[in-house]
Amino acid sequence: MPTTHFTTWLVTGANRGIGLEIVTQLVASSNNLVIAACRTPEKATALNDLKKSARGVIHIIKIDVSNFDSIRASTKALQAVCGETGLNYLINNAGIIAQDTVSTLDPEHLLELFKTNTAGPALVSQVCLPFLEKGSTKKILHISSTAGSIGSLSALESPRGLFTSYAMSKAALNMLAYKQKLKNPDFTIITLCPGWVKTDMGGEEGLLEPHESVAGILKVITSATVVESGKYLRYNGEEIPW
Ligand SMILES: NC(=O)c1ccc[n+]([C@@H]2O[C@H](COP(=O)([O-])OP(=O)(O)OC[C@H]3O[C@@H](n4cnc5c(N)ncnc54)[C@H](OP(=O)(O)O)[C@@H]3O)[C@@H](O)[C@H]2O)c1
């Protein structure tokens, strides 16, 4: 399929929540080709339904970001879809959360969170790098959280104290983003908090509907340039203290 005129995107954790909404908004435009990565494509009902109504193009591929073999194996699917044209945007969105405190955190569980929220995005980025290098636009967006902001902790300590492993994994993800920015000066790399969003993770009390958060997220990443690379931003473009 000729894909030269498309803007190409890879979104992880596209099965539900913010990831699914990102894909939904992207494929409303016929200019976008989206590689929607999820753990079990054969069970990704919403994504498969979206494929039928999309104006843009969706390729659903398997990536379990906590399984490093699965990430490495995705090279073949990426090669088939964007080996020629390259990839323009990588959105590392897949993530998990745990309710724990410094007193209750289980070190094995902490490692699980680091695997999914930090090591997975690092390896997905490595695998995507050759494809991003081929693209005319080279952008990586990490979906982080304000929970990973040490500078916001005093204001947030009460609720965020319950998410210690999660906060540690997102703070490390933020460092990955900054390291990537230093290593790749021609890339635009942003680490971003989507806000408190009504998803399975955010719960019903969330302050934002997924479509509101994602409209902001896409505005931030499409308008960001290399000048903004390395920034830690909210979905509305505000800077977050490290
Ligand atoms: N919602 C919020 O208020 C909020 C706030 C701050 C930051 N965030 C961040 O935003 C991102 C998306 O969160 P969300 O609210 O959409 O969460 P969600 O509703 O729980 O959805 C999480 C998504 O990540 C996928 N996922 C989890 N582990 C995965 C793995 N090992 N491999 C591949 N996919 C995996 C899930 O896939 P399955 O369907 O297969 O489980 C699902 O598609 C996360 O990084 C989260 O930390 C969310």
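I take a helix to be a DSSP run of H or I with at least four residues, numbered from the N terminus. With that in hand, I began with helix H3 (residues 68-82), where Asp69 and Arg72 both lie, 3 residues apart and so about one turn of the helix from each other. I am working on a predicted model throughout.

I found that the side chains of Asp69 and Arg72 meet in a salt bridge, at 3.9 Å from N to O. I looked up their accessibility as well: Asp69 counts as exposed because its relative accessibility is 58%, whereas Arg72, with a relative accessible area of 49%, is partly exposed. I then turned to helix H2 (residues 45-53), in which Asp49 and Lys52 are 3 residues apart and therefore separated by about one helical turn. Their side chains also meet in a salt bridge, here at 3.4 Å from N to O. Asp49 is partly exposed, having a relative accessible area of 42%, and Lys52 counts as exposed at 69% relative accessibility. I noted as background that an α-helix has 3.6 residues a turn, so residues three or four places apart point the same way.

I recorded Asp200 as exposed, at 63% relative accessibility, and Arg16 as partly exposed, with a relative accessible area of 47%.

Not counting residues up to four places away in sequence, Ile22 touches Val11, Ile91, Val214 and Leu218.

Ser213 lies in helix H7 (residues 210-223), and I count Ser213 as buried because its relative accessibility is 0%, where buried means under 20%. Leaving aside neighbours within four places in sequence, Ser213 is in contact with Pro194, Val197, Leu208 and Tyr235. Lastly I checked helix H6 (residues 164-183): at 1.5 Å a residue its 20 residues should span 28 Å, and the end C-alpha atoms are 29 Å apart, which agrees. The buried residues of H6 include Thr164, Tyr166, Leu173 and Gln180.

Terms used:
Residues are numbered from 1 along each chain as its sequence is written. This is a predicted model: local features need pLDDT of at least 70, side-chain atom pairs count only at pLDDT 80 or more; totals for chains, interfaces and linings use all residues. Side-chain values use heavy atoms; hydrogens and water are left out. Helices (H or I, at least four residues) and strands (E, at least two) are DSSP runs, numbered from the N terminus. Buried means under 20% relative accessible area, exposed over 50%, partly exposed in between (1.4 Å probe, protein chains only). Contact means heavy atoms within 4.5 Å. The expected span of a helix is 1.5 Å times one less than its number of residues. A salt bridge is a side-chain nitrogen of Lys or Arg within 4 Å of a carboxyl oxygen of Asp or Glu.
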